[in-house]
Amino acid sequence: MSDAVDPDRHRPLEHALGRHTDYGAEQLVEADLAADPIEQFARWLAEADERGVYEPNAMVLGTIDPDGIPSARTVLLRGVDGRGFTFYTDHGSRKGRALHAHPAATLVFPWYPLHRQVIVTGEARPVPPEESDAYWAGRPRGSRIAGAASEQSHPIASREALDDRFAEMEQRFAHVEDVPRPERWGGFRLVPQRIEFWQGRTSRRHDRLVFTRADDGWSLERLQP
Ligand SMILES: Cc1cc2nc3c(=O)[nH]c(=O)nc-3n(C[C@H](O)[C@H](O)[C@H](O)COP(=O)(O)O)c2cc1C
């Protein structure tokens, strides 16, 4: 019997796919929102952390490849302020090449245990090299060695070949305090044009409040769930 028609094998999967979770009594109303969406985001991020969300600064970054194909992956938010949302990566990676071709990008913060989601859309540009230097200097030594050894998203022949590259880098920098930042490694800052706050509620009556950048600040709109 093939896997596709074995009911026993698929019972747990049906359980996972068939849920109708009640998202509870929390709500998001205009009167409780900060006037500035970055301030509102900071409040929700702090709450996600306090309420025990695993990796609360993890976000799914969606980009457009040079050939127009979308792609997405998780990265960690490392800074947020009035200038935007900052993350660090290899600029030669798939996402790096995508952003250099098409700066338009989106970030999704999936805070499922809180029945919350934030979606940020805007353009992501490289941060100044001094900023990447400062962040690089604060990374653990092992992460710096790995960053120097790995040309992210490029194919490699085998695990052994990768281990050899790591060993070579460890040897190269064994007696040196500083592991220099590879030029290809650094930050991007996404400057938001739109920030949506989503709060799940009972019976799919979810709250969706969207800030859009306007000439004199931000405009606010409520969307149907
Ligand atoms: C929780 C988590 C956090 C991650 N954080 C980062 C990050 O901050 N920067 C990064 O380059 N990759 C990070 N990754 C790895 C990326 O998801 C991805 O595999 C890698 O960046 C290559 O993506 P690309 O080929 O689309 O460029 C993280 C993965 C996970 C699961």
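Analyst: Happy to; what follows takes the labels one at a time. This is a predicted model, where local features need pLDDT of at least 70, side-chain atom pairs count only at pLDDT 80 or more, and totals for chains, interfaces and linings use all residues. Residues are numbered from 1 along each chain as its sequence is written, and side-chain values use heavy atoms, leaving out hydrogens and water.

User: What pLDDT does the protein average, and which elements have the lowest and highest means?

Analyst: pLDDT is the predictor's confidence in each residue, from 0 to 100. The protein averages 95, and 96% of the residues score at least 70. Among the elements, helix α1 (residues 7-17) has the lowest mean, 80, and strand β1 (residues 58-64) the highest, 99. Helices (H or I, at least four residues) and strands (E, at least two) are DSSP runs, numbered from the N terminus.

User: Why is the pair of Y88 and W185 called stacked?

Analyst: Rings of Phe, Tyr and Trp (its six-membered ring) pair if their centres lie within 6.5 Å; planes under 30 degrees apart count as stacked, over 60 as edge-to-face and the rest as tilted. The centres of Y88 and W185 are 5.6 Å apart and their planes stand at 10°, so the pair is stacked. Y88 belongs to strand β4 and W185 to strand β7, so the pair ties together parts 97 residues apart in sequence. The whole structure holds 13 aromatic pairs, and ring pairs also link F41, F85, F109 and W111 into a cluster.

User: What makes Y88 and W185 count as buried?

Analyst: Buried means under 20% relative accessible area, exposed over 50%, partly exposed in between (1.4 Å probe, protein chains only). Y88 has 15% and W185 has 6%, so both are buried.

User: How do you know that the buried residues of α3 are on the same side?

Analyst: In helix α3 (residues 94-101), the buried residues are K95, G96, A98 and L99. They cover an arc of only 160° around the axis, taken from the directions to the C-beta atoms, which puts them on the same side of α3. Their cover, by contact (heavy atoms within 4.5 Å), includes β1, β2, β4, β5, β6 and β7.

User: What makes β8 and β9 a pair of strands?

Analyst: Two strands pair if DSSP finds at least two bridges between them. Six bridges join β8 (residues 207-214) to β9 (residues 217-222), so the strands pair, and they run antiparallel. A hairpin joins them through two residues, and R213 stands opposite W218 in β9.
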